[in-house]
Amino acid sequence: MNARIAPLRSHAPQPARVALLGTGTVGSAAWARLASWADTPLDGRLSLVHVANSRFAISNRNGVPADTRELLLRNAPRASSLDAVGDALSGSGTRIVIDATASETVAERHASWLAGGIHVVTACKLGQGTTLARWRAIQAARARGGTRYGDSATVGAGLPLLRSLRELQAGGDRIHAVAGVLSGSLAWLFNHYDGLRPFSNFVRAARDAGYTEPDPRDDLSGEDVRRKLLILSRAAGHALEADAVQVDSLVPEALAALAADDVDGALPSLDAPLRERYAAAYKNGEKLRFIARLQADGPATVGLEALAADHPLAGGAGTDNRVAIWSDRYREQPLLIQGPGAGAGVTAAALLDDALRIAREA
Ligand SMILES: NC(=O)C1=CN([C@@H]2O[C@H](COP(=O)(O)OP(=O)(O)OC[C@H]3O[C@@H](n4cnc5c(N)ncnc54)[C@H](OP(=O)(O)O)[C@@H]3O)[C@@H](O)[C@H]2O)C=CC1
Ligand SMILES: N[C@@H](CC=O)C(=O)O
């Protein structure tokens with residue numbers, strides 16, 4: 001008997017439509033990574049239909065061509081408005097906003113996009129890492145809109161930290177404590193600072209390498225780490241208010257008070273206090289590390305610590321984050337996760353991994 005063989009049909013899934021907000025360090029790396037997928041198996045999974053920074057926006061329902069990036073941004077057809085995002089994404093199928101900004105006004109929109117059926121993928125920590133009320137609004141909007149919130153890039157630049165916390169709890173574990181280095185730029189600074197050359201020079205180098213926040217005071221003050229610890233703690237089932245984290249800032253008051261444009265010239269005010277802390281630690285054979293600590297039903301702290309050179313949290317190199325998680329199954333010896341915790345490449349990859357996961361599963 002001749003079996004009838006059905007002709008092979010290709011059911012290419014409809015691409016998810018994507019709006020990319022932010023064309024700075026992370027946003028342009030995400031755009032370049034998307035463009036690099038041409039003629040690979042990932043080609044056509046995500047269609048970039050809108051790109052914006054704070055000044056310009058470009059929309060094209062057939063896809064914004066990556067190879068005209070510079071030209072398009074220089075000659076953008078219209079000014080940027082967040083109100084344009086919904087229209088640019090309109091239509092059936094999966095819709096995703098990728099937030100590669102550090103913008104409060106963009107973060108304020110996360111909940112309304114989620115409630116309206118638009119998935120959000122973000123590198124910006126201002127959505128889940130500030131007030132508990134905003135964190136709750138995002139969770140509620142997700143449930144209401146049947147949408148997903150891709151947050152892998154917000155802590156550890158895509159390292160499997162949030163994922164591990166969620167999977168441990170899904171398997172019945174309670175999270176007892178989390179401790180470690182959560183800042184890529186501060187890891188890099190304290191892995192390189194030698195107590196001889198000015199600390200401020202290293203801060204400039206970390207900024208130029210794309211590791212710091214747009215304003216490096218957000219890293220040096222511990223605010224960026226506070227946000228990450230809040231995101232982790234909330235994901236770990238401990239719904240902390242922002243002021244429940246005690247933060248020990250490295251930024252002198254005078255530097256904190258300056259306008260953003262004046263910060264660079266005043267960075268040397270960091271040099272003397274950091275030289276002293278380095279010298280004291282060096283005398284005891286210790287290393288300086290900027291550590292975040294969370295204890296279930298206990299204190300949450302962020303600040304610079306002098307650790308024994310062989311302390312488990314003192315290891316790592318470059319921008320490595322190094323984080324220990326204690327849970328029901330990891331009571332004595334914690335689960336330890338380490339890897340690069342800042343940089344355009346890893347962060348852009350984490351954003352697009354989340355977007356691809358949504359495009360596949362939503
Ligand atoms: N750098 C890193 O290693 C990591 C960064 N992140 C996060 O990624 C985010 C981006 O960081 P980074 O790329 O370094 O920052 P940049 O300052 O380089 O880029 C920020 C971008 O956001 C744009 N922007 C600001 N407001 C708006 C708006 N209302 N609408 C659209 N675009 C807007 C800016 O526009 P314009 O160009 O006009 O100024 C700029 O293009 C931050 O939240 C950061 O915390 C997370 C993990 C790692
Ligand atoms: N500025 C941040 C970037 C990633 O979140 C850091 O230094 O970790």
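Asp297 is exposed, with 6 other C-beta atoms within 10 Å, where a residue counts as buried if 20 or more other C-beta atoms, placed from the backbone, lie within 10 Å of its own, as exposed if 12 or fewer do, and as partly exposed in between. The structure is a predicted model, in which local features need pLDDT of at least 70 and side-chain atom pairs count only at pLDDT 80 or more, whereas totals for chains, interfaces and linings use all residues. Residues are numbered from 1 along each chain as its sequence is written, and chains are lettered from A and ligands numbered from 1 in the order in which they are written.

Asp297 lies in the loop between strand S10 (286-295) and strand S11 (300-308), helices (H or I, at least four residues) and strands (E, at least two) being DSSP runs numbered from the N terminus. Most residues other than glycine have a negative phi. Asp297, although not a glycine, has a positive phi of about 55°, and Ala157 likewise has a positive value, near 45°. Ala157 is found in the loop between strand S7 (149-150) and helix H7 (161-170) and is buried, with 27 other C-beta atoms within 10 Å.

Ala157 is also one of the residues that surround ligand 2, together with Ser183, Gly184, Ser185, Tyr211, Thr212, Glu213, Asp219, Asp224, Gly341 and Ala342; the criterion is a C-beta atom, placed from the backbone, within 6 Å of the molecule. By class, this shell comprises three nonpolar, five polar and three charged residues, with Ala, Val, Leu, Ile, Met, Phe, Trp, Tyr, Cys and Pro counted as nonpolar, Asp, Glu, Lys and Arg as charged, and the others, Gly among them, as polar.

Gly343, in the loop between strand S13 (335-340) and helix H15 (344-361), is buried, with 22 other C-beta atoms within 10 Å. When residues up to four places away in sequence are not counted, Gly343 touches Ala157, Gly184, Gly210, Tyr211 and Thr319, contact requiring C-beta atoms, placed from the backbone, within 7 Å. Gly343 and Gly210 are 133 residues apart in sequence and 5.9 Å apart in space, C-alpha to C-alpha.

Helix H8 (residues 184-192) and helix H9 (residues 199-208) pack at an angle of about 135°, with their axes 10 Å apart. The contact is made by Ser185, Trp188, Leu189 and His192 of H8 and by Phe202, Val203 and Ala206 of H9, and these residues divide into five nonpolar, two polar and no charged.

Conventions
Axes fitted to C-alpha atoms, helices over the stretch in contact; angles between N-to-C directions. Contact = placed C-beta atoms within 7 Å.
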